[in-house]
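Hi,

Here is the structure I promised to pass along. Have a look at it first, and then read on for what turned up.

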Amino acid sequence: MDILNAIVTFLNFVVIPATAYGAQLALGALGATLVYGILRFSNFAQGDTMAFGTMVTIFATWALQAVGVSFGPLPTALLALPVGIAVTAVLLLGTDRLVYRFYRKQKAAPTILVIVSLGVMFVMNGITRLFIGVEDRDFGDGERFVFTAGEFKRWSGLDEGMALRTSQAVTVITAIIVVAWLFWFLQKTRTGKSMRAFSDNEDLALLSGINPNHVVNVTWVIVAALATIAGVLYGLDKSFKPFTYFQLLLPIFAAAVVGGLGNPLGAIAGGFLVAFSEVFVTYAWKKVLGYLVPPEMAPENLIQLLSTDYKLAVSFFILIIVLLFMPTGLFKGKSG
Amino acid sequence: MNKRNLLLFGMVAALYVATGVFQSWNLAFNILNLGLLSAIMALGVNMQWGYAGLFNTGIMGFAALGGLAVVLTSSAPVPEGWAAGGWGIMAGLAFGVVVIVAGTQIYQRMAKGRARNLALFVVLVGGFFAYRAIFDPAVSAVESFNPATAGNMGGLGLPSILAWPLGGFLAALAAWAVGKICLGLRSDYLAIATLGIAEIIIIVLKNEDWLARGVKNIIDLPRPWPVPYEVNLQKSAAFLDWAARYGFDPVTASSILVKLLYILVFGIVLAVVVWMSELALKSPWGRMMRSIRDNEVAAEAMGKDVTRRHLQVFVIGSAVVGFAGAMMTSMDGQLTPGTYNPLRFTFLIWVMVIVGGSGNNWGAVLGGLLIGWLWLIVESLGPGVMSLVTTGMGDGWLRDHLIESAPHMRLLSLGVILLLVLRFSPRGLIPEK
Amino acid sequence: MRFCTFGRVMRQPFLIGEAMTGGYGSSDILHGCTIAVEKGEIAVIVGPNGAGKSTAMKAVFGMLPLRAGQVRLDGEDITALSPQDRVAKGMAFVPQTSNIFTSLTVQENLEMGAFLRRDEIKGTMAQVFDLFPILKEKRYQAAGELSGGQRQQVAVGRALMTQPKVLMLDEPTAGVSPIVMDELFDRIIEVARSGISILMVEQNARQALEIADKGYVLVQGANRFTDTGRALMEDPEVRRSFLGG
């Protein structure tokens, strides 16, 4: 039994990637859940908002790189983030003004808003593809690794190595900062509390004099920030291709539903739950088990519950389970 | 049909005629065929939306199931592949169903508590591993047989037309499963779940080679009766005589004749679906469905089982989509999982339904024909038009980029059209009566 | 010579909804109904189910469009003002249901109540805590976790945070136990004593009229009996029809 090697393999191939992915999903799901809680519809354009925000950040990154600006070991994209967030915020505020506000005034049914968001999604998708094309874009720079597998092996003397990519470390740290700020904002500031009140009981909030337009605008700006950051982190970690962001819709919604739609804490928990489930189910456990059991019992085949192509099936399965047994989610969001 | 609607249909017909005259009849009839198929799918979706207010974002999956039915029914049998593992696969799948049913029974019949949770865990987890033990070896056996040209279970080699109802049935099954879980909950959940099921279906088709060869694609699907192959027509003396008599070039004529036959077949199916939809709409069932949609709370108070009605509509509408998907694959003669993308199916059909007139069957047909024409015409004319528009610009990166961008412009403009219609004319071209 | 007119002009009630006629759609619910309350007084609206009690109060608050009639606060005509604007003028409304932010803490509920105020609210919050000591104990607990009676206290406290001149309560004791109801009524009397006018719709007519300075019995959207609480309770006809003898 070689526990240390087993642990290192487990950390390297399961825990680290799942944590990074979970952080990205959590940020995406936070955006979706905020829109649901305050604007009361499922925003199908969430994935493509992330793509748009990442696209603007990529352009800004290229511009910065062209004039020789860099961020040392960290990706230059982080410096370009504010630009991406600003432009995306303008886009979302504009979309709200031009598209969604009309239906809010009419008190249209939520389904109508979802269909409208489908239209918005395709417009955003079209714009993104128009400007940046459909191919893979790699926009990361700076140090690629915090420490490589080789360095780890030399340090530890173990057979198995563990690598930590800069993008993964940046993802987790950025996510912690963003989430901490968001919770401080929602719990301690007047505007944040008014947003929670508005999400909790809209009529009473209006009666208390809370300005609905103000709440909505602040929500869209925060969603723009969350979506852009999530999209950039995902793009740095994997790579940028507009179609992949559409596919993130399912895991993001699964995460938001699992946690309870409208509940920010739930979105974060849901993001990690979905990410870890996806990785656990699609990982080939042969190596880890090989370190844990005596050689005679070592497994021959990969011990992979589902192939990696079926990642989306995991989110879907989780979604179905939640809908069957706890539609309001783990943290009791809104379901009606 | 009143004058206004006749005029609208007339204008759409004129578009098709203009395409035939100014470009080619081949193109026009090809577009018409796809327009007819899209119109049928739009009818199915319109049923779900117009009668029950259900937002189905998984159209692509149901259409793909239709295509799968064509493969299973009419593609050539692969006896060795089937012998190697066909029964094993069937047994594995049946076992899987048994495990799920057992699980549901345990959940429903046992009292809440530790014993039930334990039983569920044992049955589901144990069942999963047992299923894999049966299923996996059978799959590798099938897939290892002649993977270059086969590697799948093979079909039944039956006439393609029989596949169409099967396509509807498969889609209905999937719809029933999803509907049973999601209907009765908030409407957004159905949208998300149908998005998921469609993606899953496509993933399965792409990865399970034993089923339909995955991304290696299945070609050589036989033509549905009564449509002949062009090469056969060109060899037939009777046809050549007829072509010579009217001065038609045999190759073009055979191509056009084939398309016309498809138009006839699809047109008949469309007519039947429209007729049945109109009957349903005017029937007591249809009136009840719409009264439920207009005031669900009141309907429930009156004792109507809203969820069951919604499930009925959801299943029937999806079956129609599956049927049309089967016809589409029959006409294509091949199943290519990669062509099923959400834009071309889900999104486009929704634009058709909304623009044409949600809740109105004729509106759905009009939308299908109109938007179908628009979508395909832009595909063929787009780059040309864009070249023309940018002749002023010097040759360069921007111009090339813009010309290449025609497909994205198509997407963008359809999105804008959808938003404009939803905002300014939400009832569509032919509103619900 | 009509000296009665003189009387009406000289003694203006602090808040009055006069001859209100209106409804939600094409049919009227209120027919020339008049409700008024003096400064520091408790006015109670009672009547059978469907009499339009809540509707009358909502009309005073501006949640019902009026075809005819006027609403005046401290002499000022506020008939055209929206409910939010009336809150700014010093009216506070506690709905019957859904009247607290369940996912916010008790203290946050009170803070939201004072949302429109830009000045220091600690003093007012201390007053509310004095009035409802249990809320101070549970100030950091989520309001949705409290018992029914305590939630009503949060709802009333929230409304008091604007330092209103008039407090309107829609069936505040609906669904609470008799002991809690007595406690609630005691608090309401205390609030009135501090100079805030109270307008209250109540289903528990007998107990409500006991504390009422003025009582309005509404039937089918119109005034049937109007008098002091005590007088109404002693009126045999009122007792027979609405108080169970």
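**B:Ser160 and its surroundings**

Please keep in mind that this is a predicted model. I started with B:Ser160, which sits in the loop that links α5 (114-144) to α6 (163-182) in chain B. B:Ser160 counts as buried because it has 23 C-beta neighbours inside 10 Å, and the cut-off for buried is 20 or more. Leaving aside residues up to four places away in sequence, B:Ser160 touches B:Val70, B:Ser74, B:Leu221, B:Pro222, B:Arg223, B:Pro224 and B:Ser330.

**A helix pair in chain A**

Next comes helix α1 (residues 3-39) of chain A, whose axis comes within 8 Å of that of helix α11 (residues 249-259) of chain A, crossing at roughly 65°. The two helices, α1(A) and α11(A), are therefore roughly perpendicular to each other. Their contact involves A:Leu25, A:Ala26, A:Gly28, A:Ala29, A:Ala32, A:Thr33 and A:Tyr36 from α1(A), and A:Pro251, A:Ile252, A:Phe253, A:Ala255 and A:Ala256 from α11(A). Sorted by class, the contact of α1(A) with α11(A) has ten nonpolar residues, two polar and no charged ones. The crossing of α1(A) and α11(A) is right-handed.

**Where the chains meet**

Finally, 31 residues of chain B contact 35 residues of chain A. On the chain B side, α6, α7 (187-207), α15 (343-356) and α18 (406-424) each supply at least two residues. The most come from α7(B), with twelve residues. By class, this side of chain B has 20 nonpolar, seven polar and four charged residues.

Happy browsing!

Note on methods: Residues are numbered from 1 along each chain as its sequence is written. Chains are lettered from A and ligands numbered from 1 in the order in which they are written. This is a predicted model: local features need pLDDT of at least 70, side-chain atom pairs count only at pLDDT 80 or more; totals for chains, interfaces and linings use all residues. Helices (H or I, at least four residues) and strands (E, at least two) are DSSP runs, numbered from the N terminus. A residue is buried if 20 or more other C-beta atoms lie within 10 Å of its own, exposed if 12 or fewer, and partly exposed in between; C-beta atoms are placed from the backbone. Two residues are in contact if their C-beta atoms, placed from the backbone, lie within 7 Å. Axes are lines fitted to C-alpha atoms, for helices over the stretch in contact, and angles run from 0 to 180 degrees between N-to-C directions. Angles under 35 degrees count as roughly parallel, over 145 as roughly antiparallel, 65 to 115 as roughly perpendicular and the rest as oblique. A crossing is left-handed if the near helix is turned anticlockwise from the far one by less than a right angle, and right-handed if clockwise. Ala, Val, Leu, Ile, Met, Phe, Trp, Tyr, Cys and Pro count as nonpolar, Asp, Glu, Lys and Arg as charged, and the others, Gly among them, as polar.
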